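Subject: Handing over the structure

Hi,

Here is the structure I said I would pass on. Have a look at it first, and then read my notes below.

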Amino acid sequence: MLFHDLTRPGNDEIKVSDDSLLEIEHVTMRFGGLVAIDDLSFTARKKEITALIGPNGAGKTTVFNCITGFYKPTVGRVMLTHPRKGRYYLERMEGFKIAQQADVARTFQNIRLFPRMSVLENLIVAQHNALMKASAFSLAGLLFMNRYAKAEKEAVERAKYWLNKVGLYDRADWDAGNLPYGDQRRLEICRAMCIQPAVLCLDEPAAGLNPRESLELNELLLGIRDQEGVGILLIEHDMSVVMQISDHIVVLDHGRKISDGTPEFVRNDPTVIKAYLGESDDEDLPQTVKNDLARNAGKDV
Amino acid sequence: MADMKNAVAAPGQGGFDVGAALKESGKAAFVAGLLGLPLLALKADNFGSKLGLVYRWDALFIAIAAVFVGRFLMILLSGRQKKSEGGVFAAFGKGIHNNMALIGLAGLAIGVLLPVVYPDRYVIYIATTFMIYVMLGWGLNIVVGLAGLLDLGYVAFYAVGAYSYAMIATQFGWSFWVVLPLAGVFAAFFGVILGFPVLRLRGDYLAIVTLGFGEIIRVILINWTDFTGGPNGISGIPPITFFGLPFKNGDHGTFASFFGIDHSPVQRIIFLYFVILVLATLTNLFTQRMRKLPVGRAWEALREDEIACRSLGINPTNIKLSAFALGAMFGGFAGSFFSVRAGFVSPESFTFIESAVILAIVVLGGMGSQLGVVIAAFFVVILPEVFREFEEYRMLLFGLAMMVIMVWRPNGLLSFREPTIRLHPKKESA
């Protein structure tokens with residue numbers, strides 16, 4: 001090959017285990033003097049749900065933005081091993097191409113649907129690239145050729161499949177913006193699934209959901225993992241979701257990874273507890289404060 | 001503001017707060033008085049050789065009274081309307097919405113029959129102007145209504161189309177039918193040129209750059225005298241032919257002799273009218289079809305949320321450029337029609353006010369609504385003609401009508417959007 005595609009490493013170049021899906025290697029993201037992510041490495045595996053947790057401002061969404069091309073990491077490599085297409089270096093790819101070619105789908109913390117388009121249209125826009133190809137950049141459609149009609153029918157079938165899955169079939173013709181909040185969250189996940197992703201990145205999918213809706217979400221995500229075989233990377237604050245469905249949890253604090261392992265491991269990791277709840281005892285208090293506390297305690301007794 | 005809210009809120013609580021409404025009306029009347037004092041009450045006039053002032057207190061008094069009563073009625077009506085969830089107007093809108101195809105066909109039928117019923121020079125002339133604006137509105141609707149890119153320089157593409165035909169026809173003598181597609185291609189090319197620098201811009205910023213682009217084209221037309229004829233424009237542009245047969249008196253090879261009828265100047269005017277009717281209809285059909293295709297859906301998705309589009313792997317650059325190019329193309333078609341009809345083009349026809357009028361048609365009609373454009377074009381083009389007797393008050397009434405529409409329907413006349421694809425059949429009450 002005359003020109004080597006820099007976004008596509010050859011298979012002999014890197015040794016990775018076969019089940020790795022997304023490898024984040026030494027990723028650092030600086031905004032001026034602020035270090036949002038500091039030398040972060042972790043691996044998300046195929047057909048697993050990997051959760052990214054951490055206190056507010058830990059840099060979780062920044063990690064997502066680095067993976068999905070909204071930011072370019074200052075340092076580091078993000079490598080995707082696509083189950084069907086081979087490997088991609090995501091940090092070298094232009095933003096929209098990460099979704100277009102490497103099939104990385106994402107949702108957003110604050111829902112980003114197309115509010116004045118119908119539910120069905122939202123799911124069909126998600127299949128834009130497949131439909132563009134089928135309609136020869138819309139020309140075939142303009143000439144009322146059969147191939148576009150066929151492709152559109154397939155797109156509608158896929159949309160129907162997902163609408164049935166989340167119980168939105170009856171409201172397919174509603175404006176997406178008129179759906180209740182929980183349904184909008186689910187629709188956004190469906191829309192991401194309609195691009196037939198290799199990996200699905202969900203930014204706080206359970207935010208604002210009631211306990212019953214959270215349970216339904218768990219089922220949906222487990223279904224995506226088990227039935228569709230799509231690996232999920234998840235940012236979540238709701239521990240009932242995280243602990244129940246995750247296969248693997250990565251904990252961030254101040255841009256650094258502080259823990260990485262199974263839910264049981266992370267739950268009992270003292271550094272995690274410290275990050276979430278603050279100090280468990282007064283070990284780190286300055287000596288003068290400790291003395292004061294001791295004196296006061298003595299007086300009261 | 002507070003008074004107004006009270007006045008509006010009151011009917012819901014049982015009674016209508018007349019006091020608050022009167023107070024609010026009084027305020028409006030006071031402002032009208034302040035404005036009207038220099039505008040209405042004092043008028044400079046000639047007394048022989050000297051200039052003097054004429055006092056018109058009666059006019060001022062009428063204006064103040066009209067504002068007072070008008071404001072009072074507005075508060076009264078807006079209170080009533082709140083109760084019935086949008087009132088009759090919304091129901092009327094829904095009726096239109098549910099019979100869109102029928103209304104479109106009826107409109108087309110009226111368009112086709114008009115020259116048969118009224119083969120009058122003046123009527124056809126106005127109808128042609130109307131159709132030009134409808135076509136421009138539909139073209140701009142692609143950019144503004146569907147793709148959500150606020151374009152204040154649309155007239156530039158109209159100018160490119162007009163000058164394309166004017167220059168090619170006067171220099172090389174090419175027929176209108178050959179130049180028409182070329183003019184569209186040129187305008188689309190300029191659309192892409194405009195599109196590139198503004199890819200990163202949205203909203204107000206985009207509007208300013210497109211405004212600048214429109215002015216650049218006009219200033220080039222004025223100053224590049226050798227090429228464009230400068231402020232004098234280009235005259236003697238060959239008139240339209242019936243696919244090669246000229247509309248003139250003669251026994252040989254003319255439209256009249258070919259069909260064995262007597263020559264009449266109105267034939268050319270009626271033919272021009274049908275040309276623009278066909279062009280505009282094609283614009284409409286094209287846009288309607290595009291909405292159902294991946295590119296058209298991506299335009300609307302881009303209007304709704306560009307970041308979400310990127311996350312779905314849609315290339316925003318291509319989508320924006322295609323909207324600019326296709327919108328510009330129809331501007332170019334309309335432009336070359338303009339120059340073949342007028343026989344003369346000059347930069348004066350392509351000022352900012354033209355862009356503003358076309359944008360006003362799109363916004364008044366309800367962004368993205370094809371029928372809305374037709375209705376708004378009627379308001380903007382036909383009404384000033386109808387009110388020609390009112391002379392200088394014509395523009396005042398026009399401005400007033402625009403304000404009333406925007407206050408009454410802030411989203412434009414027809415702001416309903418029909419999904420491009422449905423799973424379930426349409427329900428009347430949905």
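Which residue of S10(A) does Leu252(A) stand opposite? Leu252(A) faces Lys257(A) there.

Before going further, a word on conventions. This is a predicted model, in which local features need pLDDT of at least 70 and side-chain atom pairs count only at pLDDT 80 or more, while totals for chains, interfaces and linings use all residues. Residues are numbered from 1 along each chain as its sequence is written, chains are lettered from A and ligands numbered from 1 in the order in which they are written, and side-chain values use heavy atoms, with hydrogens and water left out.

Strand S9 (residues 248-253) and strand S10 (residues 256-261) run antiparallel and are joined by five bridges. (Helices, H or I with at least four residues, and strands, E with at least two, are DSSP runs numbered from the N terminus; two strands pair if DSSP finds at least two bridges between them.) Two residues sit between S9(A) and S10(A), and His254(A) in the turn has a positive phi of about 50°.

Elsewhere in chain A, take a look at Glu48(A). You'll find Glu48(A) in the loop between strand S2 (34-45) and strand S3 (49-53) of chain A. Leaving out residues up to four places away in sequence, Glu48(A) touches Arg225(A), Gly231(A), Ile232(A), Asp247(A) and His248(A), where contact means heavy atoms within 4.5 Å. Glu48(A) and Leu222(A) are 174 residues apart along the chain, yet 9.2 Å separates their C-alpha atoms.

Now for where the two chains meet. The size of an interface is often given as the accessible area lost when the parts come together. Here chain A and chain B bury about 3300 Å² between them, and 65% of that is on carbon and sulfur atoms. (Buried area is the accessible area, with a 1.4 Å probe, that two parts lose on being put together, summed over both.) Chain A gives 42 residues to the contact and chain B gives 32.

Across this interface there are 11 residue pairs in polar contact, both residues at pLDDT 80 or more. (That is a pair of N or O atoms within 3.5 Å; within protein, one must be able to donate a hydrogen and the other to accept it, and residues adjacent in sequence count only if both atoms are side-chain atoms.) On the side of chain A that touches chain B, the elements giving two or more residues include helix H2 (95-100), strand S6 (104-106) and helix H6 (146-166) of chain A. H6(A) supplies the largest share of that side, five residues. By class, the side has 24 nonpolar, nine polar and nine charged residues. (Ala, Val, Leu, Ile, Met, Phe, Trp, Tyr, Cys and Pro count as nonpolar, Asp, Glu, Lys and Arg as charged, and the others, Gly among them, as polar.)

On to the salt bridges. How many does the rule find over all chains? The count is 30, with a salt bridge being a side-chain nitrogen of Lys or Arg within 4 Å of a carboxyl oxygen of Asp or Glu. Five of these cross the interface of chain A and chain B. In one, Asp305(B) pairs with Arg112(A), the closest N and O atoms being 2.9 Å apart. In another salt bridge, Arg417(B) meets Glu121(A) at 2.8 Å, N to O. Arg417(B) lies in the segment after helix H18 (393-408) of chain B and Glu121(A) in helix H3 of chain A, so this pair joins two chains. Glu121(A) is buried, with a relative accessible area of 0%. (Buried means under 20% relative accessible area, exposed over 50%, partly exposed in between, with a 1.4 Å probe and protein chains only.) Both residues also belong to a network of salt bridges that links Arg116(A), Glu121(A), Arg291(B), Glu300(B), Arg303(B), Glu304(B) and Arg417(B).

Within chain B, Arg218(B) and Glu215(B) form a salt bridge, with 2.8 Å between the closest N and O atoms. These two are three residues apart in helix H9 (residues 203-223) of chain B, so about one helical turn separates them. Glu215(B) is partly exposed at 26%.

Last stop: Thr128(B), in helix H6 (residues 121-146) of chain B. Thr128(B) counts as buried because its relative accessibility is 1%. Beyond its neighbours within four places in sequence, Thr128(B) is in contact with Tyr273(B), Ile276(B), Phe337(B) and Arg341(B).

Cheers
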